[in-house]
Amino acid sequence: MHKNIFIPALTDQQRDKLDTLSNADELRFHGLLDYESLVEPETYVFRDLLDRARRELDEFDGSVDGIVAHWDFPTSVLAPILAAERGLPAPTLRSILQCEHKAWSRIEQRKSIPECVPGFAVFDPFDDNALDSIDLSFPFWVKPIKSHSSQLGFEINSAEEFAAALEQIRAEIGRVGDAFDEVLSLVELPPELEGVGGNMCLAEDIITGIQVAPEGTMFNGEYRIHGFFDMRKDAAGHSFDRLDYPAQSVPEDVQQRMIDLTERYLRHVGFDNGCFNTEFMWDEKTGKLSLIEVNTRISQSHSDLFVKVDGTSNHEVAIDIALGVEPRIEPRKGKFRHAAQCHVGYYSDGIVRSVPSADDLARVCEEIPDTVVDIKVRVGDRLSELPNQDGYRTVLATLYIGADDVGGLEKYFDRATELLPFGIDEISE
């Protein structure tokens, strides 16, 4: 008897990773809602999405055996709500929100792991005197209480930059913030969060160092880490260039500190029966660790890297938990010792005139075997209007590369970018 697993906004690329699972022949994978509704809309109405998803599950002619999320909001809270309604394993909505609500998360971190929490302040972006409520020195970072893909996040060096950031935040924050308010209404919030809804913002001290992300699971109270990733930024320090697996930049004792801090926080908020990844910054000179954020799901950016190095996707553990099975990944069973997700970025505005052809893509795969190329733009796209960008650059393509060492990853990426021509008609401000 096959088990039916539902995955919101399931894509063809994700289906390919699901085929690597050790028990794939025993499972049937079904999309729940579509990519356009959950990832690309101009605005979200959460209750409408929830009702649509409920109807799809109710109308399915068969058993619903598991629901797995790997996209950010709203999927990250939609899937656990649906799972809980059907008695399937999932974290509580409250524990998820204590990770996803950036202010709530910082408040709870101060209670449980204060040694790694940067200075922060909550502010209302619609307040003309918002800067007066921020007790931080320039430069600092601002971001919405809830966003994804680093959208509407800005480094602020002056009052003028703060004013410019507020202008954009005010115009766009409601896209996610209004729907997040719908979700917040489903739980009882602590007194400290009175009035701190989805259209509020957080200012934080800027932290620097080496960025690393552990990924793991909590299942029936048992905590495990199954992978560490180096998160390498570009020269400007604002955008991610690469994710490398396994991490090489941080010694084992520092990794263990990250493991221990993550566990303390997850247990503090009562997170269980789910997957997570956390992001830390390590200051090599002082030894200080700073927690950036906690994500309550597997990272799909990691999936192909696990396949290349470990032989199976991290969907393995997510689906195990969804089915109530103890999750495990057997390490280092893949074709490569190292793997990386690499971004081809563009740092100006423009109109896409041409993208790599099928022959270009075939040549990349011929010269660099097992490379996956995901072109993110189409001819005619205006770069500044594309969704889910970080505000500093546009991702033209994402590559997933395997190699025997880190030097090989860098060599292969350089060669791949030479083989992937993009034509951009630049637009000056």
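**Starting from one aspartate**

Author: Let's start with D310, which sits in helix α10. Helices here are DSSP runs of H or I with at least four residues, strands are E runs of at least two, and both are numbered from the N terminus. This is a predicted model, so local features need pLDDT of at least 70 and side-chain atom pairs count only at pLDDT 80 or more, while totals for chains, interfaces and linings use all residues. Residues are numbered from 1 along each chain as its sequence is written, and side-chain values use heavy atoms, with hydrogens and water left out.

Reader: Ok. Is D310 buried or exposed?

Author: D310 counts as buried, at 2% relative accessibility. Buried means under 20% relative accessible area, exposed means over 50%, and partly exposed is in between, with a 1.4 Å probe and protein chains only.

Reader: What does D310 touch?

Author: Leaving out residues up to four places away in sequence, D310 touches Y245, I329, E330, P331, R332, K333 and G334. Contact means heavy atoms within 4.5 Å.

Reader: Which of those does D310 meet in a salt bridge?

Author: R332, with 3.0 Å from N to O. A salt bridge here is a side-chain nitrogen of Lys or Arg within 4 Å of a carboxyl oxygen of Asp or Glu. The pair links distant parts of the chain: D310 is in α10 (residues 300–310), and R332 is in the loop between α11 (315–322) and β13 (338–346), 22 residues apart. R332 is partly exposed at 47% relative accessibility, whereas D310 is buried.

Reader: How many salt bridges are there by this rule?

Author: The count comes to 32. Another one joins D425 and R353, whose closest N and O atoms are 3.2 Å apart. D425 lies in strand β17 (residues 423–426) and R353 in strand β14 (residues 350–354), so this pair ties together parts that are 72 residues apart in sequence. D425 counts as partly exposed, at 39% relative accessibility. There's also a network: salt bridges with shared partners join D230, R232, R242, D244 and E410.

Reader: And where do D51 and R54 lie?

Author: Both are in helix α3 (residues 46–59), three residues apart, about one turn of the helix.

Reader: Switching to aromatics. How many aromatic pairs does the structure hold?

Author: 14. Rings of Phe, Tyr and Trp (its six-membered ring) pair if their centres lie within 6.5 Å; planes under 30 degrees apart count as stacked, over 60 as edge-to-face and the rest as tilted. F138 and F140 have ring centres 5.3 Å apart and planes at 15°, so that pair is stacked. F138 is partly exposed at 39% relative accessible area, but F140 is buried at 1%.

W141 and Y392 are stacked too, with 6.4 Å centre to centre and 25° between the planes. They are 251 residues apart: W141 is in strand β5 (residues 140–144), and Y392 is in the loop between β15 (372–375) and β16 (394–403). Y392 is partly exposed, with a relative accessible area of 24%.

Reader: Which residues do ring pairs link into a cluster?

Author: Y44, F46, F73 and F180. F180 is also one of the buried residues of α8.

Reader: Why is α8 called largely enclosed?

Author: Eight of its eleven residues are buried, so the rest of the structure largely encloses α8. Those buried residues pack against α3, α4 (75–85), α5 and α7 (159–172).

Reader: Which residues meet where α5 and α8 touch?

Author: L93, L97 and E100 of α5 meet F180, V183 and L184 of α8. By class, that contact has five nonpolar residues, no polar ones and one charged. Nonpolar here covers Ala, Val, Leu, Ile, Met, Phe, Trp, Tyr, Cys and Pro; Asp, Glu, Lys and Arg are charged, and the others, Gly among them, are polar.

Reader: What about α6, how many of its residues are buried?

Author: Nine of eleven, so to speak a mostly covered helix (residues 102–112). W104 and I107 are among the buried residues of α6.
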